[in-house]
Amino acid sequence: MTSAAPDYGGLTGYEPISEADRKEFLDNGFLLVRNVLTEDHRNQLEAAMDRVYAEEKAAGSSSMKKDGTLHLLGFLTRDELFGHLLTQPTIFPYMWGLAGWNIFTHHNHLDVTPPTSEEEPPSWGWHQDGYRQNSDPETMDPNLPRPMFSLKVAYVISDLSETGRGATKVIPGSHLWNSLARPADTTVHNPDPEGTVEITANPGDCFIFDRRLWHSRSPNYSNITRKMLFVGYTYRWIRQLDDMPIDFDGEWWANRTPVQRQLCAEATHTANYWGINWNGYIDEEIPLRKELKTRGLLDRSVPWLR
Ligand SMILES: O=C(O)CCC(=O)C(=O)O
Ligand SMILES: [Fe+2]
């Protein structure tokens with residue numbers, strides 16, 4: 001295993017995003033970012049995915065369906081390259097830029113969706129992520145959008161440049177809707193909601209989405225196996241969703257930077273790990289905050305970057 005991060009020509013992951021990108025994300029609830037992976041890096045990631053797929057298949061994994069569809073949670077520890085994705089230089093600025101410094105990955109999944117030969121039975125897949133986050137913090141005002149709480153980056157590894165290849169469908173702007181009308185009968189095929197967009201993208205692109213964005217998976221009726229890597233980030237005061245077993249004596253963990261260790265939820269036992277004392281919070285030791293501060297990237301005008 002190599003510990004060297006893929007080469008992004010001097011990009012550090014601390015280059016602030018543009019105001020145009022921030023606005024687009026805030027307005028639409030998602031953002032398509034082109035060419036975030038070099039072809040060499042994408043290739044290596046695909047090879048690592050193929051290896052993990054073969055391992056899961058050989059092990060008769062419960063994450064794999066009979067038809068060969070793999071939805072593997074907590075995959076980041078499965079390869080050195082996946083560990084580097086935590087701070088992927090072309091994407092990490094969106095994570096801290098849109099969510100701030102108090103984050104970690106609570107949820108990450110590797111998805112392989114082989115072509116389906118038969119028409120899939122009717123199902124209604126439209127949802128917001130976060131499960132009880134859509135109920136527990138509810139106010140009595142249905143027009144007041146709930147907080148974002150988390151966002152996810154979806155790395156496109158296979159070619160999704162045409163529709164019908166199992167891409168994610170979204171409704172732009174729907175992150176501010178607390179509900180979405182459900183068809184009366186979900187046992188029959190229903191049309192997608194008005195405004196639906198299927199996110200077509202090239203290998204090496206990615207999209208970032210607000211967990212409140214109404215979205216759905218879609219069937220892969222093409223002859224190309226769909227391959228995706230999803231990395232979700234949330235706040236350190238929220239619990240993780242997936243088991244991500246880490247061998248703390250192993251090479252993978254030894255290769256993680258302080259910021260990456262924060263992003264792996266180091267010290268999950270308390271949200272205040274790294275410091276709080278009787279006269280106030282000592283946030284200065286939180287690795288990502290420290291990194292941003294050192295680089296002059298904290299910003300009093302943005303609450304999550306204070
Ligand atoms: O696989 C997809 O296209 C959608 C997955 C999904 O719902 C999610 O990542 O939250
Ligand atoms: Fe989802």
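How far does a polar side-chain atom of Asp-129 lie from an oxygen atom of ligand 1? I looked this up and found 2.9 Å.

**Entry 1: ground rules.** I noted that the model is predicted, that local features need pLDDT of at least 70 and side-chain atom pairs pLDDT 80 or more, and that totals for chains, interfaces and linings use all residues. Residues are numbered from 1 along each chain as its sequence is written, chains are lettered from A and ligands numbered from 1 in the order in which they are written, and side-chain values use heavy atoms, without hydrogens and water.

**Entry 2: ligand 1.** A polar side-chain atom of His-215 is 3.1 Å from an oxygen atom of ligand 1. For Arg-226, an N or O atom of the side chain is 2.9 Å from an oxygen atom of the ligand. Of the 290 Å² of accessible area that ligand 1 has on its own, the protein covers 88% (Shrake-Rupley method, 1.4 Å probe).

I then listed the residues around ligand 1, meaning those with a heavy atom within 4 Å of it. They are His-109, His-127, Asp-129, Lys-152, Thr-168, Phe-209, His-215, Arg-217, Arg-226 and Phe-230. I sorted this shell into two nonpolar, four polar and four charged residues. In this sorting, Asp, Glu, Lys and Arg count as charged, Ala, Val, Leu, Ile, Met, Phe, Trp, Tyr, Cys and Pro as nonpolar, and the others, Gly among them, as polar.

**Entry 3: helix α4.** I looked next at α4, residues 92–99. A helix here is a DSSP run of H or I with at least four residues, a strand a run of E with at least two, both numbered from the N terminus. Eight of the eight residues of α4 are buried, so the helix is largely enclosed by the rest of the structure. Buried means under 20% relative accessible area, exposed over 50%, and partly exposed in between (1.4 Å probe, protein chains only). Gly-100 follows α4 and has a positive phi, near 100 degrees.

**Entry 4: Thr-90.** I found Thr-90 in the loop between α3 (80–85) and α4. Why does Thr-90 count as buried? Its relative accessibility is 19%. The side chain of Thr-90 reaches the backbone oxygen of Val-36 at 2.7 Å.

**Entry 5: Val-153.** I placed Val-153 in strand β4 (residues 150–156). Val-153 is buried, with a relative accessible area of 0%. From Val-153 to His-41 I read 112 residues in sequence and 16 Å in space, C-alpha to C-alpha.

Note on methods. Polar contact = N/O pair within 3.5 Å; in protein donor to acceptor, adjacent residues only side chain to side chain.
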